[in-house]
Amino acid sequence: MKLYGIRTCSSVGKARKFLKEHNLEYEMVDYKQTQVGEDKIREWLQQVDIDTLFNNKGKKYRDLKLKDLGLDDDGKIEWMAKENYLIKRPVIEYNGKVIVGFNEELYSEIFK
């Protein structure tokens, strides 16, 4: 299992805590140390909707004034690859599935 995000992110912290409490091992990929590229993002988008993956609620989105650009899907992918902080966190790869965001009920169902 791989968990992608930023160690200091509160949602990532909740996910890490959940995984630890349920004795689930994972490899952490921190965006501050390892850039996630366009190929990986496109791979995730085969399973999740772009509006689920693209974080248009965060500070980075506002700071970059991306709303003003009216980005299409390719534009969003390009920006996520350039600025990983625009990827909703956490992203978990588990048994061939991609899970985006922290949802305790969903995690309890998936990680039985």
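## Helix α5

In helix α5 (residues 73-82), the buried residues are G75, K76, I77, W79, M80 and A81; buried means under 20% relative accessible area, exposed over 50% and partly exposed in between, with a 1.4 Å probe and protein chains only. Helices (H or I, at least four residues) and strands (E, at least two) are DSSP runs, numbered from the N terminus. An α-helix has 3.6 residues a turn, so residues three or four places apart point the same way. The buried residues of α5 pack against α2 (38-44) and α3 (50-53).

## Basis of the model

The model is predicted: local features need pLDDT of at least 70 and side-chain atom pairs count only at pLDDT 80 or more, while totals for chains, interfaces and linings use all residues. Residues are numbered from 1 along each chain as its sequence is written, and side-chain values use heavy atoms, with hydrogens and water left out.

## The sheet

Four strands form an open sheet in the order β2-β1-β3-β4, with mixed pairing; two strands pair if DSSP finds at least two bridges between them. β2 (27-30) and β4 (97-100) are the edge strands, each pairing on one side only. From one strand to the next, the twist averages 20 degrees. Axes are lines fitted to C-alpha atoms, for helices over the stretch in contact, and angles run from 0 to 180 degrees between N-to-C directions.

Strand β1 (residues 2-5) runs antiparallel to β3, to which three bridges join it. L3 has I92 of β3 as its bridge partner. Helix α1 (residues 10-21) packs on the sheet and touches β1, β2 and β3, and its direction makes about 160 degrees with that of β1. Contact here means heavy atoms within 4.5 Å.

β1 and β2 are paired in the parallel sense over four bridges, and Y4 has V29 of β2 as its bridge partner. A right-handed β-α-β unit is made by β1, α1 and β2; a crossover is right-handed if, with the strands pointing away from the viewer, the path from the first strand over the helix to the second runs clockwise.

## Surroundings of E93

E93 lies in strand β3 (residues 91-94) and is buried, with a relative accessible area of 16%. Not counting residues up to four places away in sequence, E93 touches M1, K2, Y4, K40, E43 and W44.

The side chain of E93 makes polar contacts with the side chains of K40 (2.8 Å) and W44 (2.9 Å). A polar contact is a pair of N or O atoms within 3.5 Å; within protein, one must be able to donate a hydrogen and the other to accept it, and residues adjacent in sequence count only if both atoms are side-chain atoms.
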